Amino acid sequence: MEFLGKSRDELQAYFAALGEPKYRADQTYHALYAERKFAFAEISNLPKALREKLQREASITLPTVRQRYLSTDGSVRYLLGLAVAGEKRKVPAAVEAVFMPSESRQTICISTQAGCAVDCQFCLTAQLGLIRNLTAGEIVAQVLLPLVEGRGNATTADTTSSEESARQAGPGRLAAQTNVVLMGQGEPLLNYENVMAALRILLDPEGVGLSPKHVTLSTSGIVPGIERMAAEDVRPKLAISLNASCDEQRDVLMPINRKYPLKVLLDACRGYPLRTWEHITFEYVMLGGVNDAAEDA
């Protein structure tokens, strides 16, 4: 069984099947997500015999860092290999995540799919098509990895496993404010179950412990997903990738608009139940000579 990405309930079911008490799942959940320990041998409050059994029968699989691209401002862009061990793929899945630090906050941009099927005309990811959905564990790992590595441990070394980096760096600490944005590769609401499973862990005060005020999901406008997310007890903030001022224009730039045109999309936004501190963000990429006229504004 793969542990990374598993909820507390899933871990409790696993340990119950082993005949272990419920609190073993709680200990493991806390070690994974709050303490960020990615080797069973490091979870020292589990009995040695249980740790050895888990080492044989379960796994904690982190992505492989194929490349780190460093910026002078301290930002790090990770190219992550995500193929599952034993999985035979002609084209191994890979995605990018970006860590952007500043004096009082840090922002992590993560992917939810390898490639994308939405086919936005201004997006390079669209050229890949959809390779596959990411698992909940692969989504969570993109947040945990830079938090564990820390700013001072980013190097240009190729093909370094994140597990090795995590062991070298030790547990990372959250900055005064950590923002996470789901706007890397993929359309989050077309991988709904895995995305929400990951978000429940990221937003759990006893898990990764991020604030929902600082986690944003960006969608191209998948209306059924927006309506479904509106009913979730645990959810991030919502951002809409708009990029056009009329259906004719948006149909060309973002073909998903033909299925969910602007009126339908905006009606879903108007009906979205905002929390007292919340607003919906509309994102607009300016394309010279395409959607940047005064009439568009």
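Of the 297 residues in the chain, 48% count as buried, where buried means under 20% relative accessible area, exposed over 50% and partly exposed in between, with a 1.4 Å probe and protein chains only. The structure is a predicted model, in which local features need pLDDT of at least 70 and side-chain atom pairs count only at pLDDT 80 or more, while totals for chains, interfaces and linings use all residues. Residues are numbered from 1 along each chain as its sequence is written, and side-chain values use heavy atoms, with hydrogens and water left out.

The chain contains 9 helices and 11 strands, these being DSSP runs numbered from the N terminus (helices H or I, at least four residues; strands E, at least two). Among contacts in the chain with a separation of 6 or more, 62% are between residues 24 or more positions apart; contact means heavy atoms within 4.5 Å.

The largest nonpolar core has 79 residues, of which Phe3 and Tyr33 touch the most other members. Such a core is a set of buried Ala, Val, Leu, Ile, Met, Phe, Trp, Tyr and Cys residues joined through side-chain atoms within 4.5 Å. Helix H4 (residues 136–149) supplies the largest share of this core, 9 residues. Beyond its neighbours within four places in sequence, Phe3 is in contact with Leu11, Tyr14, Phe15, Thr28, Leu32, Tyr33, Phe40, Leu54, Ala58, Ser59 and Ile60. In soluble globular proteins, nonpolar side chains tend to be buried together.

In helix H6 (residues 192–202), the buried residues are Tyr192, Val195, Met196, Ala198, Leu199, Ile201 and Leu202. The elements that cover these residues include H2, H4, E8, E9 and helix H7 (223–230).

The largest pocket has a volume of about 660 Å³. Its lining comprises 30 residues, and those closest to the pocket centre are Cys123, Thr125, Met183, Gly184 and Gln185. On a 1 Å grid over the protein atoms alone, a pocket is an open set of points where a 1.4 Å probe fits, with protein on both sides within 12 Å along at least five of seven lines; lining residues have an atom within 4 Å of a point. Grid points are joined across faces, edges and corners, and the volume is the space filled by probe spheres set on the points. At least two lining residues come from each of strand E3 (94–101), strand E8 (177–182) and strand E9 (215–219). The lining divides into 16 nonpolar, 9 polar and 5 charged residues, with Ala, Val, Leu, Ile, Met, Phe, Trp, Tyr, Cys and Pro counted as nonpolar, Asp, Glu, Lys and Arg as charged, and the others, Gly among them, as polar.

The structure holds 12 salt bridges, each defined as a side-chain nitrogen of Lys or Arg within 4 Å of a carboxyl oxygen of Asp or Glu. Arg8 pairs with Asp26 in one of them, with the closest N and O atoms 3.1 Å apart. This pair links distant parts of the chain, 18 residues apart, with Arg8 in helix H1 (residues 8–17) and Asp26 in helix H2 (residues 22–33). Asp26 is partly exposed at 25% relative accessibility. A salt bridge also joins Lys37 and Glu35 (3.1 Å, N to O); Lys37 is partly exposed at 21%, as is Glu35 at 28%. Lys263 and Asp267 form a salt bridge at 2.9 Å, N to O, and both lie in helix H9 (residues 262–270), 4 residues apart, about one turn of the helix. Lys263 is exposed, with a relative accessible area of 60%, whereas Asp267 is partly exposed at 37%. Elsewhere, salt bridges that share partners join Arg8, Asp26 and Glu206 into one network.
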